[in-house]
Amino acid sequence: MTGYELTRQARLTRARHWLRRILGPWGVFIQGFVQHPRMVASIIPSSRYTIARMLAPVDWQACRLFVEYGPGVGTFCGPVLERLRRDGTLIVIDTNPLFIDYLKRTIRDSRFIAVHGSAEEVEAIIRAHGHEHADYILSGLPFSNLPEAVGERILAATARALRPGGAFMTYQFSRVARDLTAQFFSKVDDGFEWRNVLPCRLAWGWKDKD
Ligand SMILES: C[S@@+](CC[C@H](N)C(=O)[O-])C[C@H]1O[C@@H](n2cnc3c(N)ncnc32)[C@H](O)[C@@H]1O
């Protein structure tokens, strides 16, 4: 590498750090979007209205393990940790190492575990952390952009990973997540949130208590 290229690279790295500092989580989110636009699928994190609506049906007293797929820069993590029992656990799973690295650096809470991996591996991931089942699984995954077989594998693994009476919760601009949920859960509650960029469909799939 020539001296000129080194200086150029150093300037680029400095500019990237400066942007991250100025923009905070937004800078990291935009960087993740630029690197993997189809996997991130949105340029703006979920609104506080979406967060409050999605979490409203959770029975926090009964929740020992909460799992989140696709946390991005952690828009939901703070609100989940605020509501979670003191002896509860939040495991988040994301395929983007940039987001996992950011979450590990910024969320200092002994109940929080960030895992670099795919939602398809949820069963092995929760087992590796000492749990049989999750009580709730929240997903921010862009199901419309995932290959069909991947979406179905994630739903099948999710249905197995949840405890009876637990819920799989999705928010998405399209119907894909909701329709996939209906294939694996007999009871699905629907919602819609306008105050989000873009407005999104909300769905809660409940696992039979049997
Ligand atoms: C729309 S962003 C979610 C943003 C965030 N949850 C929010 O509410 O603002 C989608 C996230 O899903 C992640 N992702 C995509 N495919 C995944 C997979 N198979 N397993 C886990 N995470 C995945 C992306 O890296 C990205 O962080």
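Two strands pair if DSSP finds at least two bridges between them. The model discussed here is predicted.

**Strand β4 and its partners**

β4 (134-139) is mostly covered, with six of its six residues buried. β4 runs parallel to β1, to which four bridges join it. β4 also runs parallel to β5, and here the bridges number five. One bridge partner is given for each pairing in the table.

| Strand pair | Direction | Bridges | A bridge pair |
|---|---|---|---|
| β1 and β4 | parallel | four | V67 and I137 |
| β4 and β5 | parallel | five | Y136 and A167 |

**Helix α4**

Helix α4 spans residues 48-55, and its buried residues are T50, I51, M54 and L55. These buried residues fall within an arc of 115 degrees when seen down the axis of α4, so they line one face of the helix. An α-helix has 3.6 residues a turn, so residues three or four places apart point the same way. The cover over the buried residues of α4 includes the strands β1 (65-69), β4, β5 (162-172), β6 (187-193) and β7 (200-206), as well as helix α5 (77-83).

**Cysteines**

The structure holds zero disulfides. C63 counts as buried, at 0% relative accessibility. C77 is buried too, with a relative accessible area of 0%.

Conventions: Residues numbered from 1 in each chain as written. Predicted model: local features only at pLDDT ≥ 70, side-chain atom pairs only at ≥ 80, totals over all residues. Heavy atoms only, no water. Buried < 20%, exposed > 50% of the residue type's maximum accessible area, 1.4 Å probe, protein only. Helix = DSSP H or I, 4+ residues; strand = E, 2+ residues; numbered from the N terminus. Arc of directions from axis to C-beta. Contact = heavy atoms within 4.5 Å. Disulfide = S-S within 2.5 Å.
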